[in-house]
Amino acid sequence: MSEGKDNRNLSFIQETVKQKRFYQNRIVQRLVWSAASGVLFALAALTVWAIAAPRIAVTEEKQEAQKFTLPEPEEPPVQEEEPPVYIMEQVSMELEDYKKMHQQLMQVGGQVEKSLVNVSAVTVDTDWFDETYTSQSAVSGVLVGDNGVEILILTDYEKVVDRESLLVTFYDRTSAPAVLKKYDRNTGLAVLSVNLSDVSDSTREVILYADIGSSKTLRSGEPILAVGSPGGSYGSILYGNLTSVSQTAALYDGSYNVLTTDMVKARQGSGVLVNWSGKIIGMIQDRCEVSGQNNTIQAYGISDIMEVIEHLSNNQDIVYMGVVGADVTTAVSEMEGIPIGVYVSEVALESPAIEAGLQPGDIITSMSGQPVTNLKDVMAILMKCSNGQNIQVLCQRLNKTVYQELELSVDLKILE
């Protein structure tokens with residue numbers, strides 16, 4: 001009796017234990033939530049990629065190198081010769097006047113330096129004891145422009161060829177690695193390239209691309225500046241005058257204008273000549289020295305090497321035949337009784353010209369179906385040719401007393 005009563009009294013604490021459904025389990029919920037999050041993340045990533053992919057493709061297309069062209073320099077108006085004006089009144093200059101003039105010239109040189117760089121070239125070699133050593137040389141370079149991917153720098157080929165590494169230092173003293181892009185052994189010019197991605201935004205804001213002038217209208221006696229490393233060390237500036245603007249350097253298959261100055265040449269001098277407006281009119285060189293002025297700074301007239309610079313900047317080959325010649329003008333033709341064209345005075349050994357049978361004394365009258373009347377024509381035709389291309393060359397060769405026309409086949413190549 002008492003047991004039944006106890007059971008009735010405890011009945012209120014009896015309950016049925018139910019099992020939770022599987023989706024109410026915390027572990028299961030976490031797994032489901034993780035899976036859902038992963039799906040959402042994947043969908044978001046696909047959406048972003050679908051939107052960004054075309055833009056990335058466009059960006060990559062924009063990063064392809066563009067064809068580089070130098071801006072055409074503004075030719076100053078040709079002024080008529082006026083009779084000289086003689087000033088009889090004596091005007092004296094004070095020291096402050098000289099100081100002010102030099103400060104203005106320094107400002108011009110300082111502005112030009114923003115478009116110049118110092119190129120350090122490192123060479124690794126071995127000595128007599130088979131010990132490895134490194135040597136370093138330096139040369140100035142000119143920032144001629146960029147192609148959207150690289151900054152292009154014109155410099156001296158001999159100073160950068162066969163170097164282990166090249167380092168370019170800009171106006172703000174920051175540096176970036178460079179590579180030799182293309183070169184022309186005939187003129188001794190080379191173009192280096194520096195990736196734009198290796199140059200900081202702050203440096204790009206400071207540097208300037210070269211302001212190219214014209215060397216066609218220069219006159220002897222004009223005052224100029226030499227900027228870069230004309231004194232043998234980077235950052236030097238010299239002042240002087242042009243002594244001659246009509247000299248030429250006879251190179252293979254052409255001739256180039258050489259500007260001579262009254263400034264003393266340093267052993268390792270390099271850089272540019274600029275006028276008092278800060279425009280570059282010449283590239284200092286020591287490859288083609290004018291006789292009688294061996295100890296002064298000389299430079300290629302910038303107008304004559306514009307096409308060479310563009311070819312090298314666009315990674316295009318510059319081919320050669322290998323002849324040294326002179327123009328046979330109409331006056332010379334009538335006086336000497338020889339055909340108009342290019343008189344061949346020398347043929348380089350192992351050159352395409354000598355292999356084709358060209359000889360000293362020949363007169364070139366046509367190349368690749370185009371008439372040739374002077375060396376400028378030869379240079380222009382070769383600039384349009386490529387390495388390994390075969391062209392037909394017509395020349396006149398003296399046979400006793402009569403000139404006979406010959407057609408020769410020339411396989412062009414690069415001067416190595």
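Biologist: Which residue does the side chain of Asp211 meet in a salt bridge?

Modeller: The model is predicted: local features need pLDDT of at least 70, side-chain atom pairs count only at pLDDT 80 or more, and totals for chains, interfaces and linings use all residues. Residues are numbered from 1 along each chain as its sequence is written, and side-chain values use heavy atoms, with hydrogens and water left out. A salt bridge is a side-chain nitrogen of Lys or Arg within 4 Å of a carboxyl oxygen of Asp or Glu. At 3.2 Å, N to O, the partner of Asp211 is Lys279.

Biologist: How many residues apart are Asp211 and Lys279?

Modeller: Helices (H or I, at least four residues) and strands (E, at least two) are DSSP runs, numbered from the N terminus. Asp211 is in the loop between helix 5 (201-206) and strand 7 (223-229), while Lys279 is in the loop between strand 10 (270-274) and strand 11 (280-284). The pair links distant parts of the chain, and the separation is 68 residues.

Biologist: Is Asp211 buried, partly exposed or exposed?

Modeller: Buried means under 20% relative accessible area, exposed over 50%, and partly exposed in between (1.4 Å probe, protein chains only). Lys279 has 29% and counts as partly exposed. Asp211 has 38% relative accessibility, so Asp211 is also partly exposed.

Biologist: How many salt bridges are there?

Modeller: Side chains of opposite charge can pair when their charged atoms come close. With the 4 Å limit applied, the count comes to 7.

Biologist: Where in the chain is the partner of Lys182?

Modeller: Lys182 forms a salt bridge with Asp317, with the closest N and O atoms 2.8 Å apart. Lys182 is in strand 5, and 135 residues separate the two. Asp317 is partly exposed, with a relative accessible area of 26%. The place of Asp317 is the loop between helix 6 and strand 13.

Biologist: What is the volume of the largest cavity?

Modeller: Rolling a probe the size of a water molecule over the atoms shows where empty space is left. On a 1 Å grid over the protein atoms alone, a cavity is a set of points where a 1.4 Å probe fits but cannot get out, and a pocket is an open set with protein on both sides within 12 Å along at least five of seven lines; lining residues have an atom within 4 Å of a point. Points are joined across faces, edges and corners, and a volume is the space filled by probe spheres set on the points. There are 3 cavities of 30 Å³ or more, and the largest has a volume of about 150 Å³.

Biologist: Which element gives the largest share of the lining of the largest cavity?

Modeller: The lining has 13 residues, and Asn186, Tyr252, Tyr256, Ile318 and Val319 lie nearest the centre. Strand 9 (254-264), strand 13 (319-320) and helix 9 each supply at least two residues. The largest share, 3 residues, comes from helix 9.

Biologist: How many nonpolar residues line the second largest cavity?

Modeller: Ala, Val, Leu, Ile, Met, Phe, Trp, Tyr, Cys and Pro count as nonpolar, Asp, Glu, Lys and Arg as charged, and the others, Gly among them, as polar. This cavity holds about 50 Å³, and its lining includes Lys265, Ala266 and Ile284. Strand 12 (residues 296-301) gives the most, with 3 residues. By class, the lining has 4 polar and 3 charged residues, and the nonpolar count is 3.

Biologist: Which helix supplies the largest share of the lining of the second largest pocket?

Modeller: This pocket has a volume of about 190 Å³, and its lining divides into 6 nonpolar, 1 polar and 3 charged residues. Among them are Tyr256, Met306, Lys376 and Met383. Helix 6 (306-313) and helix 9 (375-383) each supply at least two. The largest share, 4 residues, comes from helix 9.

Biologist: What is the phi of Asp253?

Modeller: Asp253 lies in the loop between strand 8 (236-251) and strand 9. Its relative accessibility is 3%, so Asp253 counts as buried. Asp253 is not a glycine, yet its phi is positive, at about 65 degrees.
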